[in-house]
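Here are my notes on this one, as numbered points. Have the model open while you read.

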Amino acid sequence: MAGIAFPRKRLRRNFTAETIAKRSRAFEQFLSHLHSIAEIRRSPEFLEFFFLQDLRAAQRLTCTGMYREALATWANAYRLQDRLGVCGSGRFLLTLAGLAVCHQELDQLCEAHGCCEQALQLLEAQDGHPLLGPFLQAHVHLAWKVGKDKRRSEARLQGLQEAGLPLQQQPSLKECL
């Protein structure tokens, strides 16, 4: 942290464009340094600061049927997680589920299908993940609606069912949220 110094506040002229630009650059440098430390980058406090509040708000909006507002909040959380490099986390899968549900409810089926595809790529080797069944079922349904190939997802669902997963008792993506 020795190389990071914020410009000092002054008695006057704190709000000039030059002072604001200097402080903004110093803050970006500070956040970049924090992000470079793995223990900090993965800490709940760091994540809370950037996107957990958005996830909670998006989840609330989705559960109350305010899909358009929820979609914007899910999309913001998606961008932040992408920029922070935490796209392999369970929170990112929750974000993809939220995006898929909102897109589907707003009749944006191709976008919903794309979210399911992205999630299924992340879940490629995770047959025991609790969101796998709901994502597969949503993907099959959406692929049918938009005229895309659904055979791979159907085969994977069949494999899960043969392995003893009761698919009829699986919640939908919307219910998972």
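1. F27 sits at 37% relative accessibility, so it counts as partly exposed (buried is under 20% relative accessible area, exposed over 50%, partly exposed in between; 1.4 Å probe, protein chains only). F30 is partly exposed too, at 23%. They are three residues apart in helix α1, so about one helical turn separates them. Helices here are DSSP runs (H or I, at least four residues), numbered from the N terminus.

2. A quick caveat: this is a predicted model, with local features needing pLDDT of at least 70, side-chain atom pairs counting only at pLDDT 80 or more, and totals for chains, interfaces and linings using all residues. Residues are numbered from 1 along each chain as its sequence is written, and side-chain values use heavy atoms, leaving out hydrogens and water.

3. The whole structure has two aromatic pairs (Phe, Tyr or Trp rings, the six-membered one for Trp, with centres within 6.5 Å; planes under 30 degrees apart are stacked, over 60 edge-to-face, the rest tilted). F27 and F30 have ring centres 6.3 Å apart and planes at 25°, so they are stacked.

4. Y78 and F92 have centres 5.1 Å apart and planes at 35°, so this pair is tilted. It links distant parts of the chain, Y78 in α4 and F92 in α5, 14 residues apart. Y78 is partly exposed at 23%, while F92 is buried at 1%.

5. In α6, the buried residues include L109, H113 and C116. Seen down the axis, the buried residues of α6 fall within an arc of 160° (taken from the directions from the helix axis to the C-beta atoms), so they line one face. C110 and Q121 are exposed on the face turned away.

How values were computed. Helix = DSSP H or I, 4+ residues; strand = E, 2+ residues; numbered from the N terminus.
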